[in-house]
Amino acid sequence: MADENENPQVPEPDATDGETDAAASVSPEELADAVEADERELTVEDILNAANAEVEDPTDEHLADLKRVTAEYANYRRRTEANRELEKERAIGAAVSVLLPVLDDLDRAEKHGDLEGESAFATIAAKLRASVERLGLSKFGEPGEAFDPQKHEAIFQQPSSDVEVDTVADVVETGYTLGGTQLRAAKVVVKTPA
């Protein structure tokens, strides 16, 4: 038994002990540098330096992204402006449409001679007509103009030898447009060639 205590046997290294040998071959300074690099966090200065480097020398990918975003914004603005104009015209059209019967009554009063002179009624009629014209409302449908089924609604046809094409003989109800939108067709009596 004395022999066993004097000469202890050392176990031979197996395959897993090779990793510990490799770790043992790394110097303590290299190990400290590696740990310090892993623990090091990015500072604000590091992020700003990286951003400035990208601004000074942008990559093609970032330029393509910037161009795409710029184009998307320009399209968005164009679409928004077009929608804004459309909604503005629609709102004005809705407000003015309510006034069309009043304008019809003013036309009838004018035909009967009720708007002559400097009467209060004539002044109010003139102001109302001027106000709706400033909003973009314009009337159409005059006797003598050519009949257009897109703009006119024929409520009566009378044959006549005086005309060669369909012509408006009388306007029963004036038509109105607001900007490029027709609010109401003119109701007319049409002279047709005999």
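1. Residue numbers start from 1 along each chain as its sequence is written, and side-chain values use heavy atoms, without hydrogens or water. As the model is predicted, local features need pLDDT of at least 70 and side-chain atom pairs count only at pLDDT 80 or more, while totals for chains, interfaces and linings use all residues.

2. Three strands form an open sheet with mixed pairing, in the order β2-β6-β3. Strands (E, at least two residues) and helices (H or I, at least four) are DSSP runs numbered from the N terminus; two strands pair if DSSP finds at least two bridges between them. The edges are held by β2 (152-160) and β3 (167-173), each with a single partner strand, so one side of each has no neighbour in the sheet.

3. Strands β2 and β6 (residues 186-193) run parallel and are joined by eight bridges. S160 stands opposite P193 in β6.

4. The largest pocket holds about 240 Å³ of space. A pocket here is an open set of points on a 1 Å grid over the protein atoms alone, where a 1.4 Å probe fits, with protein on both sides within 12 Å along at least five of seven lines; lining residues have an atom within 4 Å of a point. The volume is the space filled by probe spheres set on the points, which are joined across faces, edges and corners.

5. The lining of this pocket has 15 residues, and D107, K111, K139, V171 and T174 lie nearest the centre. Two or more lining residues come from each of α5 (60-111), β1 (137-140) and β3. The largest share, five residues, is from α5.
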